[in-house]
Amino acid sequence: MKRYLIIASLLIVQLSFAQENVSKTTATKNVWSLQDCIAYALENNITVKDASLNKSLAEVNYSKSKSSRLPNLFGNASQSFSNGNTIDPITSNYVTDQIHSTNVGINTSVTLFQGNQITNEIKQNKLLLEQSIFEEEVEKNNIVLNILETYLQTLFSKENIAIAESNLEVSEKEVKRAKARLDAGSIALTDYTEAQSQAATNKYNLITAKNDYQQYIIALKQLLELPPLQNIEIEDVTNNLDFINLELNKEAVYTKALDILPEIEASNLNIAANKKELDIVKGGYLPTLALTGSVGSGYTSINSNTFSDQFDVNFNQKLGLTLSIPIFNRNQTKAAVQTATLNIEKAEIQKQNAEKELYKKVETAYQNALSAQEQVIAIAPKVGFRINVLPTNYKRVRFNNRNYYNVQGIFYVQINNQYEVVDPEVGTIVYELPSNYEKVTIDGQTYYEFANVLYEKVQVNGTRAYEVVGIIDMD
């Protein structure tokens, strides 16, 4: 049975993948690698898509705000009929007659000054665009971390199935041996029922492991936005993975994270955008000056000139300035200023919460990585597995003039500049076992198994110890 060693270090990661390689064939494949999952999720996860759409909306708003500096231009045309006492819409003469009239024109206006509101709106929308870019990166980072964590948990769970199957096979064989010894009268009934109980427990553990695996697969499919009925499997890790020698201080990691992670920069931009909102609403206290202009012409039926002649004669141009001075608007501007000021304070509190959440994320990831390194979990590697650096929690064991490096029940020997997993020699003594060892009963004698190594509890100079008594062949 293959066993793999995986050390999950969820520190600060900045991953980028060539998304152009993600195609329809990826979505339909059965076996997914970690790189496949991350690349596909970045392309298809709806949370990432939503963040991308928010960025596109911010780009539109920024472009729209810059266009507000430009003049507007409208064309108009009208055709009217009047009868009786009326004013000629072209000549403005008072007449009593039937009149057919035509008016056409073009109007334009441009804001010359509006309390610097246009300038501040442009600056604000630029800040919001930059914020949306960082928020998109936040969502991408989150999906990468979620995929990484779920994929590794799925991988561990998959190997747990193999371990549970192996344990069940061993316990079922033990039940058969116990039954034969019971029939021969060499053991008591309680020993036989204990073997049966162990087999039942191992069967339950196998069912639980399979259920856990399916739950992780479901979670992974949801992150990938795959159809519920699509079957997927994850790729086994067959390449050698080096241990991560964790020497960073979590405070140093946190300080570095404040500088490079997009969450904090997005919070800073949110504060700046709210300050610009305050500048915008304060502009409501200032006057607005606009330049207006128009050209037009028309035709009236009471004039004897031709249509074209009248259009030529009646052609007119207008140019004007409009000044609007706010005097009292029912305290709308005052309320807007107060609201903007409060939103700045809220944005600053949101930044503090972002820093707290970031520290929590860093500390949790750091502790997970440290725990993984110290315990050398998750799954025992097979013999022949090599690493370049030993974890810091190894213990040196010497037996028969040979140095072993024991890391939570896994034995290494140094070969040149690497360390290779080996089976310890029978007789090797250790003074503690990993917490997830298995008890095994053979011929009524209790042994302890971990990573296919069988131990017997002994006393060495009055101290409890465990002696290697055999290696279980799983092939």
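Colleague: Which residues have the most contacts inside the largest nonpolar core?

Modeller: In soluble globular proteins, nonpolar side chains tend to be buried together. In this predicted model, the largest nonpolar core has 25 residues, and those with the most contacts inside it are Trp32, Cys37, Ile143, Ile147, Leu220, Leu224 and Ile234. The elements that give two or more residues to this core are α2, α4 and α5, and α4 gives the most, with eight residues. Apart from this core lies another one, of 12 residues, among them Tyr404, Phe411, Val453 and Tyr466.

Colleague: What is Leu224 in contact with, leaving aside its neighbours within four places in sequence?

Modeller: Leu224 touches Trp32, Cys37, Tyr40, Ala41, Asn44 and Ile147.

Colleague: Which residues of α5 are buried, and what covers them?

Modeller: An α-helix has 3.6 residues a turn, so residues three or four places apart point the same way. In α5 the buried residues include Tyr192, Ala195, Ala199, Asn202, Leu206, Ala209, Tyr213, Ile217 and Leu220. Their cover includes β1 (31-32), α2 (34-44), α4 (117-184) and β6 (233-234).

Colleague: What span should helix α5 have, and how far apart are its end C-alpha atoms?

Modeller: At 1.5 Å a residue, the 36 residues of α5 (residues 189-224) should span 52 Å, and the end C-alpha atoms are 53 Å apart, which agrees. After α5 comes Glu225, whose phi is positive, near 60°.

Colleague: In what order do the four strands of the open sheet lie?

Modeller: Strands of a sheet pair through backbone hydrogen bonds, either parallel or antiparallel. Here the order is β2-β5-β7-β8, and the pairing is antiparallel. The edge strands, β2 (72-82) and β8 (316-324), each pair on one side only. Neighbouring strands of this sheet are turned against each other by 20° on average, direction ignored. Strand β7 (residues 288-300) is joined to β8 by nine bridges, and the bridge partner of Leu289 in β8 is Leu323.

Colleague: How many aromatic pairs are there, and why is the pair of Tyr404 and Phe411 edge-to-face?

Modeller: The count comes to eight aromatic pairs. In one of them, Tyr299 and Phe307 are tilted, at 4.9 Å centre to centre and 40° between the planes. The ring centres of Tyr404 and Phe411 are 5.8 Å apart and their planes stand at 85°, so this pair is edge-to-face, given that planes over 60 degrees apart count as such. Tyr404 and Phe411 are both buried, whereas Phe307 counts as partly exposed, because its relative accessibility is 44%. Tyr299, Phe307 and Phe311 form one aromatic cluster.

Key:
Residues numbered from 1 in each chain as written. Predicted model: local features only at pLDDT ≥ 70, side-chain atom pairs only at ≥ 80, totals over all residues. Heavy atoms only, no water. Expected span 1.5 Å × (residues − 1). Buried < 20%, exposed > 50% of the residue type's maximum accessible area, 1.4 Å probe, protein only. Contact = heavy atoms within 4.5 Å. Phe/Tyr/Trp six-rings, centres within 6.5 Å; stacked < 30°, edge-to-face > 60°. Core = buried A, V, L, I, M, F, W, Y, C linked by side-chain atoms within 4.5 Å. Pairing = 2+ DSSP bridges. Axes fitted to C-alpha atoms, helices over the stretch in contact; angles between N-to-C directions.
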